[in-house]
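Hi,

Here is the model I said I would pass on.

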Number of protein chains: 2
Amino acid sequence: MSISATQSLQGLTVATPTDREIRTERVFNASRERVWQAMTDPKLVAQWWGRGNKLVIEKLEVQRGGHWRFVEHAPSGLQGFEGRFREVTPPERLVQTFEWDGMPGHVIINTTVLHDLGDGRTKLVNTSLFHTPEERDGMLNSGMTTGLEQSYRALDALLMKS
Amino acid sequence: MSISATQSLQGLTVATPTDREIRTERVFNASRERVWQAMTDPKLVAQWWGRGNKLVIEKLEVQRGGHWRFVEHAPSGLQGFEGRFREVTPPERLVQTFEWDGMPGHVIINTTVLHDLGDGRTKLVNTSLFHTPEERDGMLNSGMTTGLEQSYRALDALLMKS
């Protein structure tokens, strides 16, 4: 796998291993179990996934074949996101589909792996696979990395709480 | 676009334009409007999509962003299928996602185009795009073409009725 582009944004590393993928890495100051919990407990997800905006968790069935659906109350209006779980292996690996209501039927496969770095630190590696290079590029040009870093900073804050 | 493999099964033409696609073609003895109706009216879909098995249409929202979900009562047990509409252009073009409960999160993009051949005949061309060549090959090896031809023969019978 070659890394054709890499950028770092406030601790977030973004790479494009192939023309249909985006790979991001981010380190959190919390154990793998706590990061896993923040990713799978609806009460916790609601506190960081929406980048500080109100987030309604309509569905979060964390099991193979389960569905999820979140609605973000953004300043620009309601934004719906949904998908389905392909693999759930606590506390290390989640594979799920991702679809934004604004582009229905354009489906991304998100593979999230949590690496235990020791000393209470965890590296979150996410790989997004798109059906076409055009969909991948559209995501890169949508301000995705800024939004993702906003979410991850909210996750930092949540993980510092307890 | 090159056709790397073509086979014909009882009037069904199957080709693999790329390593992530399957393209099928089939001619029906009915107008484009009637084929469109058979593809989008739940009462009609229930009569052919399940290959002769009982088919429960749990949801069929034929509009951009709408969801669909069918449950086939096959001899081997219940088989669920679902997806979402990306494009709906009556009576000629449907783009929708397709997922089988047995492989949740493995999503196919199905583009169906109806060509009016005149003389009350319609050619249905379907292109399925997979995320990976492996998923495409898995579908080809699953007996998909036999099942599709069974469905299309049931559709022939439905279209002859009125």
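Below is what turned up, starting with how the two chains meet.

Some housekeeping: this is a predicted model, so local features need pLDDT of at least 70 and side-chain atom pairs count only at pLDDT 80 or more, while totals for chains, interfaces and linings use all residues. Residues are numbered from 1 along each chain as its sequence is written, chains are lettered from A and ligands numbered from 1 in the order in which they are written, and side-chain values use heavy atoms, with hydrogens and water left out.

First, the interface. In chain B, 24 residues are in contact with 23 residues of chain A, contact being heavy atoms within 4.5 Å. The area buried between the two chains is about 1,800 Å², and carbon and sulfur atoms give 48% of it. Buried area here is the accessible area (1.4 Å probe) that two parts lose on being put together, summed over both. On the chain B side, the residues that lose the most area to chain A are B:Arg84, B:Pro104 and B:His131, together 37% of what that side buries.

The rule finds eight salt bridges across the interface of chain B and chain A, where a salt bridge is a side-chain nitrogen of Lys or Arg within 4 Å of a carboxyl oxygen of Asp or Glu. A:Asp101 and B:Arg84 meet in a salt bridge, at 2.8 Å from N to O.

Strands E5 (67-74), E6 (77-89) and E7 (93-100) of chain B each supply at least two residues of the side that touches chain A, and E6(B) gives the most, with four residues. Helices (H or I, at least four residues) and strands (E, at least two) are DSSP runs, numbered from the N terminus.

Within the chains, a few local features are worth a click. A:Arg51 and A:Glu72 form a salt bridge (2.6 Å, N to O). This pair links distant parts of the chain, 21 residues apart: A:Arg51 is in the loop between helix H2 (42-45) and strand E4 (54-60), and A:Glu72 is in strand E5. In the other chain, B:Arg51 has a positive phi of about 60° although it is not a glycine.

The peptide bond from A:Pro90 to A:Pro91 is cis, with omega near -10°, and A:Pro91 is in the loop between strands E6 and E7 of chain A. B:Pro90 and B:Pro91 are also joined by a cis peptide bond, omega being about -10°.

Cheers
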